[in-house]
Amino acid sequence: MDSVTHALFGLTIYGATNKDYMPKEVKKSVFVAAVAGSMIPDIDVISQLWDTEGMYQMWHRGITHSIFLVPVWALLIWLVCFLIWKTKDRRIFYIAALAVFIHNTSDILNAWGTGYFEPFSDARLGLGTIPIVDIVIWLIMLTGFLVVKIKKATPHKVYKIVWLFIIAHVVVQSVQGYILYQSTVDQYEEQALSARFIPGHFKIAGKNGLEVEVLQGTVWGGLELVDHITSQDETNLDLLFSENPRAKTLYQWSPFVVVVDDDEKLGIYDPRFFRMGVPFLYEYIYKEDVIKE
């Protein structure tokens, strides 16, 4: 999920916590636990500062997003709250752990993928059933906020219902994605699912040999072919990887790639991700530049 959604998750966790009779210092600690826990796995973004070999794509959503680090992050947040406010309430640890767990688990719902079981497995787990920015989740949280503010409803009761609606939405989306994925699983040697920004709409990229097909659609309307691409898989990519290290990272990170080898460029791209009809996970070199060198 995007950073805004993760921050909103933290605020919603805080809102769903019953803070009646809670001391002021504990309230502050719970707020920090909920919000910091919802954001801290993305601390890996700082790796861009020293990444000189294009490894950020592998590092982001890597070990910091591991399920095994949930108690580590929670304990760290609890310790910070203890040092600042001298609070020892165990709820701070539990809320921080819940926030980190929700962050890490919600990220596996995107096509981007997460190192959910690192360091014991380097597999990137990405179901592709929820887009990185999910408008429905935002609207559910906004509705809860308005109910609390306008209707003066009890916050923790409203936000618990908000979480139920979010879970229901995720389940419905995931079931639809699963149905579409299974409908084409026998058609391709490799395939990958990704959710589009419109609820219930999905894209499937499938590959047989050198041929890649991109389909999109819904459970109720079916899938239609929107693109057919021939990948130049026989091309030697050593030159590309040596001149553009990010290309090697993309090659390792993606379920499969399309290889482009024409008169102008040598490159690879992930067929799941397009913006305005152009692949945005595309690493390449200009052949002319290499010849000049």
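Me: Which residues of strand E6 are buried on one side, and which on the other?
Reply: This is a predicted model, where local features need pLDDT of at least 70, side-chain atom pairs count only at pLDDT 80 or more, and totals for chains, interfaces and linings use all residues. Residues are numbered from 1 along each chain as its sequence is written, and side-chain values use heavy atoms, with hydrogens and water left out. Five of the five residues of E6 (265–269) are buried, so the strand is largely enclosed by the rest of the structure; buried means under 20% relative accessible area, exposed over 50% and partly exposed in between, with a 1.4 Å probe and protein chains only. Both faces are covered, with Lys-265, Gly-267 and Tyr-269 on one side and Leu-266 and Ile-268 on the other.

Me: What is the bridge partner of Gly-267 in strand E9?
Reply: Strands (E, at least two residues) and helices (H or I, at least four) are DSSP runs numbered from the N terminus, and two strands pair if DSSP finds at least two bridges between them. E6 pairs with E5 (258–261) in the antiparallel sense over four bridges, and these two form a hairpin with three residues between them. E6 is also joined to E9 (282–286) by five bridges, again antiparallel. In E9, the residue bridged to Gly-267 is Tyr-284.

Me: In what order do the four strands of the open sheet stand?
Reply: Strands E1 (190–195) and E4 (222–230) are at the edges, each with a single partner strand, so one side of each has no neighbour in the sheet. E1 pairs antiparallel with E2 (202–208) over six bridges, and Ala-192 stands opposite Ala-205 in E2. The sheet is antiparallel, with the order E1-E2-E3-E4.

Me: Which helix packs on this sheet?
Reply: The helix in question touches E1, E2, E3 (211–218) and E4, where contact means heavy atoms within 4.5 Å. Its direction makes about 25° with that of E2; axes are lines fitted to C-alpha atoms, for helices over the stretch in contact, and angles run from 0 to 180 degrees between N-to-C directions. It spans residues 155–184 and is helix H7.

Me: How far apart are the end C-alpha atoms of H1?
Reply: The expected span of a helix is 1.5 Å times one less than its number of residues. With 13 residues, H1 should therefore span 18 Å, and the model agrees: its end C-alpha atoms are separated by 18 Å.

Me: Which residues does Trp-163 contact, leaving aside its neighbours within four places in sequence?
Reply: Trp-163 is among the residues with the most contacts inside the largest core. With those sequence neighbours set aside, its contacts are Phe-9, Thr-12, Ile-13, Ala-16 and Ile-102.

Me: Is Tyr-21 buried or exposed, and at what relative accessible area?
Reply: Most residues other than glycine have a negative phi, and most peptide bonds are trans. Tyr-21 has a positive phi of about 65° although it is not a glycine, and its place is in the loop between H1 and H2. Tyr-21 counts as exposed, because its relative accessible area is 87%.

Definitions and conventions
Core = buried A, V, L, I, M, F, W, Y, C linked by side-chain atoms within 4.5 Å.
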